[in-house]
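Let's take a walk through a protein model together. Have the picture open as you read, and look for each residue as we come to it.

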Amino acid sequence: MAMNHWLEGVVPVYRKVNEEEFELVNGSWKYGSYFSTLLTQSNLYLPWVKRRLQLNGITFKQRELNSLKELTNDYDIVINCTGLGARKLCYDRHLVSLRGQVLKVKAPWMKMFFYGELDTYIIPGFNGIVTLGGSRNFDSENIKLCPYESAAIRERCETLIPSLKNAEILRQEVGLRPHRDGGVRVGDGSRISNHSKAIIIHNYGHGGYGVCMAPGTSIMAVNAAVELHKSTNSKI
């Protein structure tokens with residue numbers, strides 16, 4: 001990995017990999033970056049966020065929508081975070097599913113994360129559970145586990161870090177990421193309908209980086225909602 005000057009200004013520690021660190025992995029690597037960053041897991045982070053919101057008086061409702069116009073009688077401002085659902089609700093042909101598959105293994109000795117070639121990554125999590133990845137299958141809706149893909153992922157990760165051959169496989173997971181050609185759609189505001197004052201702000205298409213990008217795109221979406229509110233005199 002070549003030096004990333006954008007990342008260099010974001011994370012607390014960012015530098016070139018030294019010779020001792022190159023010895024931690026197999027292969028004739030000549031370039032690499034070492035950095036420290038935050039770690040979280042969606043199955044822990046999202047419930048925590050939900051509890052925080054509820055403590056601040058936010059209520060959650062679940063319903064099925066066939067059109068965003070169904071919300072015009074109930075809300076003045078809608079922030080659309082529907083992910084892949086925006087294909088139907090917004091007729092967004094730039095949005096496709098990006099299938100991914102990972103393995104969860106027990107490897108408590110792993111203390112550092114590694115990114116290699118061919119979308120190969122090894123990410124230690126909590127309680128000694130390590131994520132081995134990965135894959136990127138564009139425009140695939142298949143959520144069935146592929147044993148050949150799992151075998152390929154494990155082979156790449158074990159080639160990079162041989163000690164992972166001793167790791168017990170705990171489970172395998174498949175998911176669909178909301179990838180958008182052209183990037184995330186955020187801050188694009190308009191009226192939902194010509195017959196209503198309700199406005200909509202979009203915030204979707206984050207691909208596999210939703211948790212990473214959410215703090216920034218959320219601020220952008222809220223700022224866009226405030227500006228549009230000022231120009232339309234809608235109630236917040």
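How many salt bridges does a search of the whole structure find? The search, run on this predicted model, turns up 10 salt bridges. Side chains of opposite charge can pair when their charged atoms come close.

The chain has 236 residues, and 35% of them count as buried. Its secondary structure comes to 6 helices and 11 strands. If you follow the C-alpha trace along its principal axes, the chain spans about 65 × 40 × 35 Å. Now think about which parts of the sequence touch. Among contacts between residues at least 6 apart in sequence, 62% join residues at least 24 apart.

Next, let's see how the chain is divided. The domain assignment gives domain 1, made of residues 65-94 + 181-230, and domain 2, made of residues 95-180. Domain 1 brings 18 residues to the contact and domain 2 brings 10 residues. The centres of the two domains, taken over C-alpha atoms, are 31 Å apart.

The size of an interface is often given as the accessible area lost when the parts come together. Here, the area buried between domain 1 and domain 2 is about 1100 Å², with carbon and sulfur atoms giving 53% of it. On the domain 1 side, L84, R87 and G207 supply 41% of the area buried against domain 2, more than any other three residues.

Sorted by class, the side of domain 1 that touches domain 2 has 5 nonpolar, 8 polar and 5 charged residues.

Let's look at some salt bridges one by one. E141 pairs with R87, and their closest N and O atoms are 2.9 Å apart. E141 lies in the loop between β8 (137-138) and α5 (147-160), while R87 is in helix α4 (residues 86-89), so this pair ties together parts that are 54 residues apart in sequence. E141 is partly exposed, with a relative accessible area of 43%, and R87 also counts as partly exposed, at 29% relative accessibility.

Another pair is D92 with R180, where the closest N and O atoms are 2.8 Å apart. D92 sits in the loop between α4 and β4 and R180 in strand β9 (residues 168-180), so the pair ties together parts that are 88 residues apart in sequence. Are these two residues buried or exposed? Both D92 and R180 are buried.

There are further pairings to find. R185 forms a salt bridge with D188, with 2.8 Å between the closest N and O atoms, and D188 is partly exposed at 35% relative accessible area. R63, E70 and D74 are linked in a network of salt bridges.

Our last stop is W109, in the loop between β4 (95-106) and β5 (114-115). Which residues does W109 contact, leaving aside its neighbours within four places in sequence? They are S163, L164, N166 and A167. W109 and S163 are 54 residues apart along the chain, yet 9.1 Å separates their C-alpha atoms. The side chains of W109 and S163 make a polar contact at 3.0 Å. W109 counts as partly exposed because its relative accessibility is 39%.

Conventions
Residues are numbered from 1 along each chain as its sequence is written. This is a predicted model: local features need pLDDT of at least 70, side-chain atom pairs count only at pLDDT 80 or more; totals for chains, interfaces and linings use all residues. Side-chain values use heavy atoms; hydrogens and water are left out. Domain bounds come from an automatic or database domain assignment. Contact means heavy atoms within 4.5 Å. Buried area is the accessible area (1.4 Å probe) that two parts lose on being put together, summed over both. A salt bridge is a side-chain nitrogen of Lys or Arg within 4 Å of a carboxyl oxygen of Asp or Glu. Ala, Val, Leu, Ile, Met, Phe, Trp, Tyr, Cys and Pro count as nonpolar, Asp, Glu, Lys and Arg as charged, and the others, Gly among them, as polar. Helices (H or I, at least four residues) and strands (E, at least two) are DSSP runs, numbered from the N terminus. Buried means under 20% relative accessible area, exposed over 50%, partly exposed in between (1.4 Å probe, protein chains only). A polar contact is a pair of N or O atoms within 3.5 Å; within protein, one must be able to donate a hydrogen and the other to accept it, and residues adjacent in sequence count only if both atoms are side-chain atoms.
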